[in-house]
Amino acid sequence: MGLTINLPSDSDDELPPSKQSYNVSIDQDESMSSGDDEPSSAKRRRLNFAIPGQTVTTDSQWMRGHGTFNTPASVAITATLAGNVVVTNKLLSVSPMRARYTPEIGDLVVGRIVEVGKSQWRVDVSAPLLAKLPLSSINLPGGILRRRTTADELQMRHYFQEGDLLVAEVQSVGGSDGVATLHTRSLKYGKLRNGLFLAVQGTGGGGGVVRSRRQVFTISAGVTGSDTSQVDVILGVNGYIWLSKHVEQDESKAGGISISNLDDAVGKEIYSSQNDDITEDTRREIAWVAECIRVMAQHGTRVDEDAVVKAYGVVVDWNQGRMDDGDNIMPVEVRKRIVDAVLH
């Protein structure tokens, strides 16, 4: 049976919000079309979305970018990906609707340890290649500033082992292969405990975590009403999300950490794999926040702090207005309200 692909609608207003294009509008440029007798609506339609093998333009004034190609014998630019056509000055590129994460220096990512190698860990960060976490790029309990020895290499599984989750920062990206090198040389990073892991797909032109926004924040309890049931949220740029029990930091340490006493602040407990006692109210709050993010991911909306807070506010209002009948399944109308609140 053949595959039929329907062209998008002439107007973005007729598309669902998750499928609308967000690229730069260039309706005023009529040279993108291969024929001058083509209506302007068809020209806009060609600009908004492209499928593999589709000719984006035949005008020689445009340069090809990522997701496109052309042959030396022709000036026609052809799409190699399915996604939105993005225009940057005279450069045309196609942003895929779904894509693997492309590491950039300074990104906050959540990853999972896949392999323990010689003096480094291999970490899955949803990139095309596994990232590297060198032994020299982590804090060691009681000896943060000393040189790493063979004894430290033998004890690497005491710090991270296969399956462990961690939050780290991209320190560098390899020039030839694009492999990311991570580091956890800050008290904000390290092993993750006491929480729930989520993966949000669509880091291309669709949904995904918004870059350049605050990615670590705390949500106050609203469903259970408990003052102690706060949830820490870590939004990894790579689409991996961590929700956990809120842990208050020691003010005596947080206010007086320096190079001289940094060793004392890094104890063995930071590499412990034992979860703390989590109350039922806290677990319920984590579950509701996770469900809000799942609803947002299913509808292709972007995930950031404001969106998560708005979605959680809808759940709080819904729980306050219903009878406590023990049914914790989110109705369809509440899911629609979440999407409306996030998009507006």
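Analyst: Start with the elements: helices (H or I, at least four residues) and strands (E, at least two) are DSSP runs, numbered from the N terminus. Asp-107, for instance, lies in the loop between strand 7 (91-96) and strand 8. Keep in mind that this is a predicted model, where local features need pLDDT of at least 70, side-chain atom pairs count only at pLDDT 80 or more, and totals for chains, interfaces and linings use all residues. Residues are numbered from 1 along each chain as its sequence is written, and side-chain values use heavy atoms, with hydrogens and water left out.

User: Is Asp-107 buried or exposed?

Analyst: Buried means under 20% relative accessible area, exposed over 50%, partly exposed in between (1.4 Å probe, protein chains only). Asp-107 has 5% relative accessibility, so it counts as buried.

User: And which residues does Asp-107 touch, not counting those up to four places away in sequence?

Analyst: Contact means heavy atoms within 4.5 Å. On that basis Asp-107 touches Tyr-101, Thr-102, Ala-168, Glu-169, Val-170, Arg-211 and Val-237.

User: What about Leu-108, which element is that in?

Analyst: Leu-108 belongs to strand 8 (residues 108-116). Its relative accessibility is 11%, so Leu-108 counts as buried. Beyond its neighbours within four places in sequence, Leu-108 has contacts that include Val-167, Ala-168, Tyr-189 and Ile-234.

User: Where does Phe-160 sit?

Analyst: Look in the loop between helix 3 (156-159) and strand 11 (165-173). Phe-160 is buried, with a relative accessible area of 0%. Leaving aside neighbours within four places in sequence, its contacts include Ile-113, Trp-121, Leu-133 and Tyr-271.

User: Now pairing: which strands pair with strand 18?

Analyst: Two strands pair if DSSP finds at least two bridges between them. Strand 14 (residues 195-199) runs antiparallel to strand 18, joined by 5 bridges, and Gly-195 stands opposite Ser-244. Strand 17 (residues 231-235) also pairs with strand 18 in the antiparallel sense, over 5 bridges; there, Val-231 has Lys-245 as its bridge partner.
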